[in-house]
Amino acid sequence: MNAIELSHVEKSYGQFQLKDLNLCLPSGYIMGLIGENGAGKSTTIKMILDLVKKDQGEIRIFGESIEDSIVESKEDIGIVLDEAQFPDGVTVDQVNHIMKNIYQQWDEEEFYRLVDFFSLPRKKKRFKEFSKGMQRKLSIAVAMSHHAKLLILDEPTSGLDPVVRDEILDLFNTFTLEEDHTILISSHIVGDLEKLCDYVAFLQKGKLLICEEKDQLLESYGILKCSKEELQELDDEAVAGIRDYGYGVEALVRKSRLPEGYQTEAAALEDIIIFLSKKERRGVL
């Protein structure tokens with residue numbers, strides 16, 4: 001079963017348009033949602049959660065339309081949004097009390113295990129006094145403390161230092177060791193997503209440019225360093241993006257389209273995203 005399916009989904013906000021979005025995340029896997037600010041990542045996540053109404057298309061969670069199932073599915077979905085999720089005046093202990101009355105499967109022991117893991121104060125500080133990083137940690141602790149099967153995470157590691165980010169990625173990896181556990185995560189930190197994700201979805205200006213398995217994506221592309229003259233000899237379809245250094249060029253290439261004899265270097269996920277974002281092509285040289 002697929003945990004999330006989007007078919008021909010569209011949304012318009014004035015001049016911004018999210019167009020013909022088709023995305024499928026199988027159960028048991030992690031998908032990274034990548035894109036610049038304003039690309040449509042948060043809008044996509046909010047439409048999946050039915051917090052923003054789509055204009056057209058179909059969204060399914062666990063095989064059921066969100067219009068029919070999102071309320072019933074709340075037990076199975078852990079959520080971290082990019083904005084504050086709790087009232088300013090609550091403490092960690094008060095959050096625990098509130099969540100007990102919201103989730104039937106609330107696991108107080110697991111919640112406090114994560115609170116201690118994140119070194120969050122239980123009583124002395126209120127949510128409004130938390131740093132952005134502490135607010136993120138509390139949101140993650142709540143999302144992972146009611147035995148959810150699906151985590152939907154919008155920039156969950158924003159504002160956290162590299163050591164804490166790495167610890168949280170380990171938590172997410174451990175979560176998906178159970179076969180029916182799934183994660184959709186958006187982040188600007190592409191290196192984190194490369195370590196974590198099985199699938200990559202790349203949004204740019206409301207259009208989905210990539211949605212495929214990460215390993216297949218990394219295998220498909222390479223970095224070619226050559227002269228401008230050598231680049232001109234290649235098929236247009238082979239070249240996905242170019243950096244011009246004056247004395248030579250560096251190109252993101254589709255390895256399957258290269259003639260024999262060309263040597264390429266491995267392309268990291270961040271390389272692929274940067275090259276495609278710049279939309280540079282042979283014609284600008």
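Is Tyr103 buried or exposed?

1. Tyr103 is buried: its relative accessible area is 14%, and under 20% counts as buried. This value, like the others in this note, comes from a predicted model.

2. Trp106 is also buried, because its relative accessible area of 12% falls under the 20% limit. The rings of Tyr103 and Trp106 have centres 6.4 Å apart and planes at 20°. Planes under 30 degrees apart count as stacked, so this pair is stacked.

3. Trp106 takes part in a further aromatic pair, with Phe111. Here the centres lie 5.1 Å apart and the planes make an angle of 50°, which is a tilted arrangement. Both Trp106 and Phe111 are buried.

4. Ring pairs join Tyr103, Trp106, Phe111 and Tyr112 into a cluster. Across the whole structure, a search finds seven aromatic pairs.

5. Next, the helices. Helix α3 covers residues 92-100 and helix α4 covers residues 108-117. Their axes come within 11 Å and cross at roughly 155°. Angles over 145 degrees count as roughly antiparallel, and α3 and α4 are therefore roughly antiparallel to each other. The crossing of α3 past α4 is right-handed.

6. On the α3 side, the contact is made by Val92, Asp93, Val95, Asn96 and Lys100. On the α4 side, Glu108, Phe111, Tyr112 and Val115 make the contact. Of these contact residues, five are nonpolar, one is polar and three are charged.

Technical notes:
Residues are numbered from 1 along each chain as its sequence is written. This is a predicted model: local features need pLDDT of at least 70, side-chain atom pairs count only at pLDDT 80 or more; totals for chains, interfaces and linings use all residues. Side-chain values use heavy atoms; hydrogens and water are left out. Axes are lines fitted to C-alpha atoms, for helices over the stretch in contact, and angles run from 0 to 180 degrees between N-to-C directions. Helices (H or I, at least four residues) and strands (E, at least two) are DSSP runs, numbered from the N terminus. Angles under 35 degrees count as roughly parallel, over 145 as roughly antiparallel, 65 to 115 as roughly perpendicular and the rest as oblique. A crossing is left-handed if the near helix is turned anticlockwise from the far one by less than a right angle, and right-handed if clockwise. Contact means heavy atoms within 4.5 Å. Ala, Val, Leu, Ile, Met, Phe, Trp, Tyr, Cys and Pro count as nonpolar, Asp, Glu, Lys and Arg as charged, and the others, Gly among them, as polar. Rings of Phe, Tyr and Trp (its six-membered ring) pair if their centres lie within 6.5 Å; planes under 30 degrees apart count as stacked, over 60 as edge-to-face and the rest as tilted. Buried means under 20% relative accessible area, exposed over 50%, partly exposed in between (1.4 Å probe, protein chains only).
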